[in-house]
Amino acid sequence: MRLGVCYYPEHWPQANWAADARHMAETGITRVRIGEFAWSRVEPEPGRFDWGWLDKAIEVLHDAGLGVILGTPTATPPKWLVDQMPDMVAVDEQGRKRGFGSRRHYCFSHPGYREQAGRITRAYAERYGNHPAVIMWQTDNEYGCHDTVISYSDAARLAFRDWLSDRYKTIDALNSAWGNVFWSMEYRSFDEVDLPNLAVTEANPAHWLAFRRFSSDQVVAFDRAQVDILRQLSPGRDVMHNAMGFYTDYDHHDLGRQLDCVMWDSYPLGFLEMFRFSDADKRDYVRQGHPDIAAFHHDLYRGCAADGRWGVIEQQPGPVNWARNNPAPLPGMVRLWTLEAMAHGAELVSYFRWRQALFAQEQMHAGLLRPDGKAAPGLGEAAQASADIAAIQGSGELPNAEPVKEAAIIFSYESEWVTATQPQGEDLSALWANFTAYTQLRKLGLNVDIVAPGTDLSGYAMVVLPCLPIVADGLAEQLASFSGQIIIGPRSGSKTAEFSIPDNLALGPLQAIFPAQVSRSESLRAGVTHQGDGWAITRWLDHLESDAERELVSDDGMVACWKSANVRYCATWPEGEVMAVIAARAAHDAGLAAVPLPEGMRLRKAGKLSFLFNYRAESQAIPEALQGQMVLGDRLLPAAGIAVLRTV
Amino acid sequence: MRLGVCYYPEHWPQANWAADARHMAETGITRVRIGEFAWSRVEPEPGRFDWGWLDKAIEVLHDAGLGVILGTPTATPPKWLVDQMPDMVAVDEQGRKRGFGSRRHYCFSHPGYREQAGRITRAYAERYGNHPAVIMWQTDNEYGCHDTVISYSDAARLAFRDWLSDRYKTIDALNSAWGNVFWSMEYRSFDEVDLPNLAVTEANPAHWLAFRRFSSDQVVAFDRAQVDILRQLSPGRDVMHNAMGFYTDYDHHDLGRQLDCVMWDSYPLGFLEMFRFSDADKRDYVRQGHPDIAAFHHDLYRGCAADGRWGVIEQQPGPVNWARNNPAPLPGMVRLWTLEAMAHGAELVSYFRWRQALFAQEQMHAGLLRPDGKAAPGLGEAAQASADIAAIQGSGELPNAEPVKEAAIIFSYESEWVTATQPQGEDLSALWANFTAYTQLRKLGLNVDIVAPGTDLSGYAMVVLPCLPIVADGLAEQLASFSGQIIIGPRSGSKTAEFSIPDNLALGPLQAIFPAQVSRSESLRAGVTHQGDGWAITRWLDHLESDAERELVSDDGMVACWKSANVRYCATWPEGEVMAVIAARAAHDAGLAAVPLPEGMRLRKAGKLSFLFNYRAESQAIPEALQGQMVLGDRLLPAAGIAVLRTV
Amino acid sequence: MRLGVCYYPEHWPQANWAADARHMAETGITRVRIGEFAWSRVEPEPGRFDWGWLDKAIEVLHDAGLGVILGTPTATPPKWLVDQMPDMVAVDEQGRKRGFGSRRHYCFSHPGYREQAGRITRAYAERYGNHPAVIMWQTDNEYGCHDTVISYSDAARLAFRDWLSDRYKTIDALNSAWGNVFWSMEYRSFDEVDLPNLAVTEANPAHWLAFRRFSSDQVVAFDRAQVDILRQLSPGRDVMHNAMGFYTDYDHHDLGRQLDCVMWDSYPLGFLEMFRFSDADKRDYVRQGHPDIAAFHHDLYRGCAADGRWGVIEQQPGPVNWARNNPAPLPGMVRLWTLEAMAHGAELVSYFRWRQALFAQEQMHAGLLRPDGKAAPGLGEAAQASADIAAIQGSGELPNAEPVKEAAIIFSYESEWVTATQPQGEDLSALWANFTAYTQLRKLGLNVDIVAPGTDLSGYAMVVLPCLPIVADGLAEQLASFSGQIIIGPRSGSKTAEFSIPDNLALGPLQAIFPAQVSRSESLRAGVTHQGDGWAITRWLDHLESDAERELVSDDGMVACWKSANVRYCATWPEGEVMAVIAARAAHDAGLAAVPLPEGMRLRKAGKLSFLFNYRAESQAIPEALQGQMVLGDRLLPAAGIAVLRTV
């Protein structure tokens, strides 16, 4: 695994560049990402290009032995372009234009902007496509950041009608698929279809789902245009895009398929603060992040990448600026996050950013260097990580030589679109069902891969569908031939591809592997539970008609888990102790050697190596069950400590 | 009392209709509501009508012996109509058009839509007005659902100016009535008056009150046009409309006056979750609903109906789809709700819906049947209720033969408009003051009627005005001649009809029956209380200048209740223990035999019958004070249990 | 100190005026403010003036010996003017026009309205500028009330571009100052600059800061036009404006500089309820207000006034109408608030309002009289205060003869603009850092002045900068020559004047007096603390590189307070016990005789007089350390009690 860094030469005097480059190299960094926000410097006026500074910057970096990852600048079109095409911006759900003044001020459906994005991409690629320093491209930056996938512009409406016409062919087919007879919502032509926002009350969920699919497809097509240009003009270079955390507005499986590599931007402390973690977690892990935040995304994006190639292109190196509260990482965490990515198979961890900016929106975002150029705490940890990586690689074991397959989670992006459109209970989210299920598997010390429906499942001992409302064609058949253990979570198979209820009710196609019908589903307020033996039914309860075994039954007779042959059905929300019990039973039945880990410790097996990470702020010992030769660290892991064992 | 069901033949294959109709009849159902959302099927293109399917559906239902309640489809105008008149939609308080894509996408003030609504109503009535199956009409559906009474459209502004001109005659009269000299808000003509939204800060409360009265009048006029057409073209049939729960944006007394019957849509579990009940109530009654939700509306809408004819046209039969959380009713609750409506005098309880839809917005809303056509749990309870009704009716006592009059609550819709416009304390609401006062009366086992000001009070032993800021002309005189006990709640008589302070201060006209002036009012934060002996002053405190007796005084000298002759003044918010004490004293003085009921048990007396309902999830015994011959059930009521006693 | 009252003769029959005036005089009132909302009565139609009623009102007041404070009516332009210039209204951040119907419906940048405001001001001044009754003018009313300083109108955009051009001269200078190279935000001309709202995500903080400075300048310029007219046409009269509480959208130091006197509107109970006080404070001080609310503003606005002349032009006399909850003051509080203003040096306390209005928006706002003209509780307290003032003044000591200087807080309005734009931690606010620091100083019994940067500091024993991100030119040098104790709070010196990070990092220019660099800052969630000995680090932590003494170190090694020579650096949020400890140490080192006061008691020293105020609802004794001759009250202060001691 390599180390990299994000750098903005345009922010600093040219005189500093060479020293910066040398300093990077000395730290153990070999990759540097540049250029992704530099449009106004590259093309300060329409058609007038100023390449000089960028030529120089690439040359300086190259001279220091750094490989350049070059970003196309389409996330930040300059003001002159917006003034030329004021309708190129996105429109929010309330109908307001989302104007210039920050970034991502464009609508994916705007034909004029698509053309301009192609033009500037081509200009970049023509200039640097064959430059020896350039080894990889990044398209745009963080598609969807600041909720920008979905736009309610006129351009989007027109494009949506075309998309619908392509998908449904006839308006009668659309009316029938969506059930538009309900509430007299029937259309006479595709030209009558508007976007689903600003209806008096909720629009048809099928309308929303189609609009979400369309919006995701627009992102993929926008990206595709750049990929095609780059592949043509910059042969032999990889193309990647940087994904975000807990973000689902476009289908990353679709995007990943057209990329060489999927990277993501890892900000564990910001994510802990901003997403739906408990107050206790937000307190206990305030300077570490919840122990599954980074790993969940590593395992998710590895599954999105065409050939499993992935990395972290932006790694938090200190406090950030964008969360409600922005604490500093516990000493050691930057190193821990870096090595954890290695354990999960990353090819790159690149820190964001080299040097903290003096100005503008991100001036409070830490870099490896302080704004005055002195070392920030992250820098030393990056250097230490570099040495650690060398030590691990020098142990004779390449982490990814032999992937250790244990559990696979099957996740689809449209699962989250379904639950976001129709939560049916407060805050219910398929994405988070996947996360909470993942957590329980990882607490057992299991390796988990998060994969798209249709992925080859051979080699796995167990498969988990934490919440998969729409079951893709062929998946039930595939699972029927899977001999390991299967856990099906609530709401799985409860919707057709067009967001209706299957004729045979839930579990829909999954009835092929589990003999049950969901006769009724209910969502439960926080505080309403059905207690079992050390576990509880919370948030959701599917009532089944089934002859399957009632494996977990609450004190008042509610069934939390049903079992039939090698399949379990988790009828309540897959979280907390109830999911822990179900996961442990399935792992046992699957013959997996679960190693229950101390609170906040995580294990990742890579080839013959076992990586252990202590997310707690106190020391903790590695469980006795784990033995091997110490490659790195000690059996007593300090706060933010790491150990690597080699199986002998 | 009859049972009915809501049915959407247009959602199901025609081949199923006859079996559905037979199944309804076998369940004990004799009424079926159809057609209210079917405009796009009846008139798929402008002026082209397709009656065939509806003719057939009515015929099939008729053949099964079911009486049809036919809804006019004006709540769901088709897309082609909206495209013809894009300004027919309502505009929200922020100025956004409330577009097509769900339902109720029209503004009550739009002249073009009024004409179209008349046209389609006439078409329905001409086709089916004399059909022997059609025994009742429903106008539109749930006026005001999704906050649609109030529209800030241009059409509304123009209509409001006309309405103001009618009411005030001269602009000087308006300026004077509203006190527009304040803040230089004076107008020179009615054409200068805008709607009260989007002012820099709160607009004049008199402006708001006028706009609310206008908005309510627009609903009544819109409905009136349909009623007139239906009366003309469908002689001998009843006309009703379906009201909602805890909803006050139009004056239901005004609407009820022009209808034959007022029906309402009863969703106790959804209402518990979505309205202002305590967390404890939301937990304890999660699968039952608060024990006063249904009864409060029964007693309220009975008082709205011209001749006291009312019913439940939509009864929750299982989990719904629209609340934050959607639990399933406790077994027995569907039956309990049904029989409770009977106890309160309903002529119909109709379940919503026959069969759960496979598609669109309400696919997660339970029916009596599951989407696959099998029985959902509600169906058996409906059938049981049908048998129970027969048993009760067979006991020789008709529940409504001899109404048992005990307490009357006087409520006006404009009371809520006043407190919503000027809460003066957090969440203070006249409607909820009425509800909490109602609860305390019902816990004493009293029968309560909720009536409009001006209703004949003879026969009642006590009258309660929980919060009546505007006292209608003549009411004080009427109360002066009332010999029973009277309780006046806070803020009553505190406003003139034009939302100013009476010259003689509060209690305004009520000073005729209670010798006091409110010299100062204050609202109190949650947690700020004045404790009395087992009760507390909360939320509100009127300070009185009065020689009346200080009946309830807090430990620190604040007066919670004053008494003079047969009138009590509750100076604090009429809720909890303080209202319980006041209600009990008044009931005692009125000679009513109060029967304090166990928590969650309710009693309704109907002729010689006493109905008891146990809303708790545990068994509870009927209090010893209640004796009689068991017509139904047992003295130990199980969870969700019912008993009926006959006085001997 | 004089007493005054706000009066609206236009709301009451002319026949009442003389009696009202006599009643005021009898109460001890000598000043009356009128006219500030009367435009529609003075100019009922464009160009047609009706002065008769106002002539008469002034005459009647004059005849009773009352001095008139006359308000220009520009806060409430009449409807006919808005209809003439519909674009004169402000536009909110979401792009919505803020229309007619209440008050303050104008944009400060609208040239047409500026002209009209000059015209009506000139008309008032020409009519009454030399009237013997008129002794003071108020410009407009509460600039900024209802968030009206900042407008996103077209007029504002155009004026902003001009303002930018004046400030930066060239667009390159602006791009450079703001760091617009970041995210390609560079402009090619001032005409490309838009307002910072409605960007996709946060706009550049430098953009926001410039826009806030511009918006403040527009208020000052708008006011200046009126001041100039009034000075020209009404020689010898004072001009003042009424500021609000906890309000910072315009720079009150700038405004105060052009006025003769700064007044403010004091509503302690409303402010307690609406601003960020703890639930415990909101409960314990529900009828008193937090004990520092009034005094903080007295000390703040005294520092804004050109010659230190200030007063309270609107004093809460009972419950108000505009807070979430509106309790009544504890008996005695109106008197206490009045005398506390005297202790802090006010020249006037004027109650709002004389008589509670019968109608419109403020009908629930108490006056000294009830709406029916009888005395409300406030009236007696005002009369008592009048007698108390006479007694104190008769003691031979004029409170303000010899100001007692102890501690000075340095506050700038742009501090709050910086933290509001970039809080970096939840709810972090420079204004509230100043308030919480102020509280800890006052609990020690210290006199505090709140002054603008640049104020002469001679005579003070200590200076506190609770949170001063931008350090004005010259301030560091001034502090370097200050020999008393200095406390610097977090984030001070962390920003340049253009909202970037200083090249030498924080403390920027303050490094001249404190040898440290902030190497990293972090914000901490509520509940994340570092405990020290009786104090805790909360919300914020600056990590310093410094050889200074680590004065307060938490149990886990974090430094809360650093000390070097006469300067302390508070590295955590300046609130609660940690600020109490730091303030006490600094006061000790400064040689100040701190007198720790009982909870809720406050002390203000004025010449030889010591005023003591008991904000608790229970009696409390004056600390033994305070001795002197009793001028007023007793050593045991009752609830809401006051005592005045004279040093012997």
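Which residue of chain B meets the side chain of C:E273 in a salt bridge? The partner is B:R525, with N and O 3.1 Å apart; a salt bridge here is a side-chain nitrogen of Lys or Arg within 4 Å of a carboxyl oxygen of Asp or Glu. The model is a predicted one, in which local features need pLDDT of at least 70 and side-chain atom pairs count only at pLDDT 80 or more, while totals for chains, interfaces and linings use all residues. Residues are numbered from 1 along each chain as its sequence is written, chains are lettered from A and ligands numbered from 1 in the order in which they are written, and side-chain values use heavy atoms, with hydrogens and water left out.

The bridge between C:E273 and B:R525 belongs to an interface for which the rule finds seven salt bridges between chain C and chain B. Contact, meaning heavy atoms within 4.5 Å, involves 61 residues from chain C and 45 residues from chain B. The two chains bury about 4,500 Å² between them, 52% of it from carbon and sulfur atoms; buried area is the accessible area (1.4 Å probe) that two parts lose on being put together, summed over both. On the chain C side, C:Q361, C:M364 and C:R370 lose the most area to chain B, together 14% of what that side buries.

Chain A and chain C also share an interface. Here 61 residues of chain A are in contact with 45 residues of chain C, and the buried area is about 4,600 Å², with 52% given by carbon and sulfur atoms. Seven salt bridges cross this interface. In one of them C:D194 pairs with A:K79, the closest N and O atoms being 3.3 Å apart. By class, the side of chain A that touches chain C has 23 nonpolar, 17 polar and 21 charged residues; Ala, Val, Leu, Ile, Met, Phe, Trp, Tyr, Cys and Pro count as nonpolar, Asp, Glu, Lys and Arg as charged, and the others, Gly among them, as polar.

The arrangement of the copies comes next.
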